[in-house]
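Me: I have a structure open and want to go through it. Can you take my questions as they come?

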Amino acid sequence: MADSKPRSERPLSPHLEIYKPAMTMVMSIVHRVTGTALYFGTVLVAAWLVSAATSASAFETVHGFMGSWFGRIILLGYTWALLHHLLGGIRHFIWDTGRGYGAEERSFLAHATLAGSIGLTILVWIVAYVVR
Amino acid sequence: MESSSSMKTPLKRVRGLGSAKSGTDHFLKQRFTAMANVPLVLIMIGVVIALVGKDAAAAKAVLSHPLVAIPMVLFFVSEMIHMRIGMQVIIEDYVHEEGPKILLLALNTFFSIAIGLSSIFAILKLSFGA
């Protein structure tokens, strides 16, 4: 629409603020938040690859940052966001087939997404430390 | 909406694809790239783990191996599309002013392509370059 002014005049239906946070709702929001975090996190991935393609010293700089305690915290968060978004996506695939819409199923899927993402993140980091 | 006197057949009306003019194309691209991303992301995690503690020469040896470089290039193609579509939905949900919305949608496209192609370029240079 060309005319965007009247929007501010119209009252919004009450939405987020009137509901008690439910697990399914929180996981839905987290899916979008992790997606956004991954979106901006791709800068780090690109910087890392471009540095490797540029010079040894550039790579050591980026690799050194990733290995620092601050870099590791970012990478830990990135790992969790990635795995949570991945499992959240699988939840959407299940819903796409028309299954998993019952109250108990939805609750189970929401909890499984969170538990799975935390569990897998720990697993990935244990493997990373063992391999190193 | 079509009026009752429309000359269009129901099939034609379905193919009109609604106000967005793109039908389910957006939804399907999101899902297909998501499908591709599942195995590709797992490979990416494996590659990063393999590079922990490696120096530049060793990292280059890993990243330039075809069995690593090919899935990585595939990942960035899929990811570039997926992240652009995802952020587009977020922008359309929250930004209603026409000017800022168009600007952000443009920046979203530029950002996604720039990130994706930079990463792919880097992988190709590691594979073919000196």
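**Confidence, helices and the interface**

Reply: Start with confidence, as this is a predicted model. Among the elements of chain A, the mean pLDDT is lowest for α2(A), at 92, and highest for α3(A), at 96.

Me: And what does chain A average in pLDDT?

Reply: The average for chain A is 90, and 94% of the residues score at least 70.

Me: Back to α3(A). How far apart are its end C-alpha atoms?

Reply: They are 40 Å apart.

Me: What comes just after α3(A)?

Reply: Gly98(A) is found there, with a positive phi of about 90°.

Me: New topic, the interface. How many residues are in contact between chain A and chain B?

Reply: On the chain A side 32 residues are in contact, and on the chain B side 42.

Me: How much area is buried between them?

Reply: About 3000 Å² is buried between chain A and chain B, and carbon and sulfur atoms give 75% of that.

Me: Which residues of chain A lose the most area to chain B?

Reply: Arg32(A), Tyr39(A) and Leu49(A) do; together they account for 22% of what the chain A side buries.

Me: What about polar contacts and salt bridges across the interface of chain A and chain B?

Reply: The rule finds seven residue pairs in polar contact there, both residues at pLDDT 80 or more. For salt bridges, the rule finds two across this interface.

Me: Which elements of chain A are on the side that touches chain B?

Reply: Those giving two or more residues are α1 (23–54), α2 (56–67), α3 (69–96) and α4 (103–131) of chain A. α1(A) gives the most, with 13 residues.

Me: And by class, what is on that side of chain A?

Reply: The side of chain A that touches chain B has 21 nonpolar, six polar and five charged residues.

Me: Where do Arg32(A) and Asp93(B) lie?

Reply: Arg32(A) is in helix α1 of chain A, while Asp93(B) is in helix α4 (residues 66–94) of chain B, so the pair joins two chains.

Me: Why would such side chains pair at all?

Reply: Side chains of opposite charge can pair when their charged atoms come close.

Note on methods. Residues are numbered from 1 along each chain as its sequence is written. Chains are lettered from A and ligands numbered from 1 in the order in which they are written. Side-chain values use heavy atoms; hydrogens and water are left out. Contact means heavy atoms within 4.5 Å. Buried area is the accessible area (1.4 Å probe) that two parts lose on being put together, summed over both. A salt bridge is a side-chain nitrogen of Lys or Arg within 4 Å of a carboxyl oxygen of Asp or Glu. A polar contact is a pair of N or O atoms within 3.5 Å; within protein, one must be able to donate a hydrogen and the other to accept it, and residues adjacent in sequence count only if both atoms are side-chain atoms. Helices (H or I, at least four residues) and strands (E, at least two) are DSSP runs, numbered from the N terminus. Ala, Val, Leu, Ile, Met, Phe, Trp, Tyr, Cys and Pro count as nonpolar, Asp, Glu, Lys and Arg as charged, and the others, Gly among them, as polar. pLDDT is the predictor's confidence in each residue, from 0 to 100. The expected span of a helix is 1.5 Å times one less than its number of residues.
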